[in-house]
Amino acid sequence: MERRDVNADPVQEFASRDYQYGFVTEIESETVAPGLDESVVRLISEKKGEPAWLLEWRLKALRHWLTMKEPTWANVHYPPIDYQAIRYYSAPKQKLGSLDEVDPELLATYEKLGIPLREREILAGVAVDAVFDSVSVATTFKAKLAEMGILFCSFSEAVREHPELVRKWLGSVVPHTDNFFAALNSAVFTDGSFCYVPKGVRCPMELSTYFRINAAQTGQFERTLIVAEPGAYVSYLEGCTAPMRDENQLHAAVVELVALDDATIKYSTVQNWYPGDKEGRGGIYNFVTKRGLCKGRNAKISWTQVETGSAITWKYPSCILQGDGSVGEFYSVALTNHRQQADTGTKMIHVGKNTRSTIVSKGISAGHGQNTYRGAVKVLKGAKGARNYSQCDSMLLGDKCGAHTFPYIDVATPEATVEHEASTSKIGEDQIFYCKQRGISAEDAVGMIVNGFCKEVFRELPMEFAVEAQKLLGVSLEGSVG
Amino acid sequence: MLEIKNLHASVNGVEILKGIDLTVKAGEVHAIMGPNGSGKSTLAQVLAGRETYEVTAGSILYDGKDLTEMAPEERAREGIFLAFQYPVEIPGVSNLYFLKAALNAVRKHRDLPELDAMDFMKLARERMRLVEMDEALLTRPVNEGFSGGEKKRNEIFQMAVLDPRLAVLDETDSGLDIDALRIVAEGVNKLRSPERSVVVVTHYQRLLNYIIPDVVHVLVDGRIVRSGDKLLALELEEKGYGWLEAQAAGKTA
């Protein structure tokens, strides 16, 4: 008969699992010396062969950034970042014409991560724009999408091929003056993804990008821009795992979404950057600015995020509900373990009439993890008939972790409805015992309980992503039984 | 089936069970009665292996195996089932999913193939009839928003699905109205078999009008002070526990 330590603490066992995706790919990278000044920005722009207006835009951002101070209001703690010690550019050296030319090591890296880069994608219904370090090396399904008028490519390519679209929308949702990290990103962003869905077109597949940090000490500054013209629909998936590294790495991405009349953008993220080791050494600093603008009537933007990685997460995917009748949604699961810290949430800014927003946030803290929900619901004067529903739930695993909630509500019109609910629960010894008494192992019990807690968020994810999300939480999903 | 000898158990350093001897043979139904605080529920929890209770002396043999060496989930897979006095809620996890995971864990342990969703559903539907449970409860989260009666029915339904060899019912009658009590008791009766033993922990005699026990034990202050047939339960109904408590106190004094 199997014998086991009857007193083993399943919560601690679950909490002490190791990061499974740590490895480093050896690819020769072309990098610039550490440090940031105008010459670095000019170099980046030149390397990428950018038009003059974009260089000017970058320089404006840099000059503004130099006047700014790093924000300190977030409930996260880390040693000061030396921005002059960071390298701001790194690119694989070879120029690539097709997938066959891709460095086999790189392909092997994606292989290890289980990322489908070839025909498998057709079966999976996923088109992948893979970002490796700072330059996109492979884009698939472009031709197929192009037939429908959908543009899906790396940001650099968009600058070359569709400069008028980039110029029109870049910085229109997150201006370079927005915040410290957005300004930095605007000055030095190297690549990212661009997606444009024309009027009345429904994108037939989930668009997906895998981000990956590789070269040591290289800050990653991704720029993503998605524009949905009137009546368009697109679902975009962003997922990432990162190789194990000892130094802290800065990641300051900017994502801008624009939805015009009756357009819908669904943006889903599974974030699994290297979180650091058990003592909190290493790990990614993830300072991201994500914002969507519902510019047109009845536009809809939906953010779903599953945040399990990074040493520090600072991230507030937000919606500006400008068009009358527009809808914003935010569904979030954030897990902090060991020494991880997350300060995440959303802003819903109601500008137009009869705008609606929904916020569902699930924070899970384990080990010494600190999890903060920070959210703002702002209803401007003209937003008659605006409605918001917020629900923020926290779950604690163990007694050394923490959960914090900071909801800000600011309503300037009497004709609005704002509801906020919050709860904190501890995963109960009685719940685990109940499961064990039915024959379920403690580990499966914890997984099951955590998954149940996150269910409202997971069901917002596209199926294949939901599976990955549950794997990331180290558990199996509820079957589609019954 | 079950052989308990001189069992002592404590919680947070306070001794609750002070030397229990109990033998339950296959196919028998034993009732454990006693006043509040006598240790009835502690006995049930100790049998299931709850970690907060420490066995300080004595032995529990189940099918000849030392139960105290087994983790709670192993006991469950070996066929021990506890119907909880206060069934726990698990938000977001459907009853059906939970029970399928449980059954498959048990089946795996017994070297049986796991049941797929279709086969499981068939089994679940069939066993639900035993306790006249509403099928809608299957897709609801485990015990969440269930009435007291629904929770207790759900426990017996789980028992019917998991097919245990030793079932311990901890105050399954508490919080039930008379109709629900009858349905639950009939469910248990349908599950009686020569291979299955049942230990019914109860404060009141009324449950034993429906589930007729082979043996009745009275637990007072952590010890079994009297055992008898079903008539003992009726005697208790009439006289209360006071006379046995006084006797027990006299003995220890």
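A: What follows goes through the sheets of chain B, then its helices, and then turns to chain A.

The model is a predicted one, and every value below is computed from it. Chain B is built from nine helices and twelve strands. Its C-alpha trace extends about 60 × 40 × 35 Å along the principal axes.

Consider the open sheet of six strands in chain B, whose order is S6-S9-S10-S3-S11-S12 and whose pairing is mixed. At its edges stand strand S6 (80-83) and strand S12 (223-228) of chain B, and each has a single partner strand, so one side of each is left without a neighbour in the sheet. From one strand to the next, the twist averages 20°.

Helix H8 (residues 230-239) of chain B lies across S3, strand S11 (215-220) and S12 of chain B, and its direction runs at about 45° to S11(B).

Chain B also holds an open sheet of four strands, with the order S2-S1-S4-S5 and antiparallel pairing. Strand S2 (14-24) and strand S5 (65-66) of chain B stand at its edges, and since each has a single partner strand, one side of each is left without a neighbour in the sheet. Strand S1 (residues 2-11) of chain B runs antiparallel to S2(B), and eight bridges join these two strands; one of the pairs links B:Ala9 with its bridge partner B:Leu17 in S2(B). Helix H1 (residues 40-48) of chain B packs on this sheet, where it touches S1, S2 and strand S4 (53-62) of chain B, and its direction makes about 70° with that of S2(B).

Chain B also has helices that pack on each other. Two packed helices are described by the angle between their axes and the distance between the axes. Helix H4 (residues 117-128) of chain B and helix H6 (residues 148-162) of chain B pack at an angle of about 130°, with their axes 9 Å apart, and H4(B) and H6(B) are therefore oblique to each other. The crossing in which H4(B) passes H6(B) is right-handed. In this contact B:Leu123, B:Ala124, B:Arg127 and B:Met128 from H4(B) meet B:Phe157, B:Ala160 and B:Val161 from H6(B), and by class these residues are six nonpolar, no polar and one charged.

Chain B can now be placed beside chain A. The contact between them takes 25 residues from chain A and 32 residues from chain B. On the side of chain A that touches chain B, the elements giving two or more residues are helix H10 (429-437) and helix H11 (442-458) of chain A. The residues of that side divide into eight nonpolar, eight polar and nine charged.

H10(A) and H11(A) also pack on each other, at an angle of about 125° and with their axes 9 Å apart, and they are therefore oblique to each other. H10(A) passes H11(A) in a right-handed crossing. A:Gln431, A:Ile432, A:Cys435 and A:Lys436 of H10(A) meet A:Ala442, A:Ala445, A:Val446, A:Met448 and A:Ile449 of H11(A), a contact with seven nonpolar, one polar and one charged residues.

Definitions and conventions: Residues are numbered from 1 along each chain as its sequence is written. Chains are lettered from A and ligands numbered from 1 in the order in which they are written. This is a predicted model: local features need pLDDT of at least 70, side-chain atom pairs count only at pLDDT 80 or more; totals for chains, interfaces and linings use all residues. Two residues are in contact if their C-beta atoms, placed from the backbone, lie within 7 Å. Ala, Val, Leu, Ile, Met, Phe, Trp, Tyr, Cys and Pro count as nonpolar, Asp, Glu, Lys and Arg as charged, and the others, Gly among them, as polar. Two strands pair if DSSP finds at least two bridges between them. Axes are lines fitted to C-alpha atoms, for helices over the stretch in contact, and angles run from 0 to 180 degrees between N-to-C directions. Angles under 35 degrees count as roughly parallel, over 145 as roughly antiparallel, 65 to 115 as roughly perpendicular and the rest as oblique. A crossing is left-handed if the near helix is turned anticlockwise from the far one by less than a right angle, and right-handed if clockwise.
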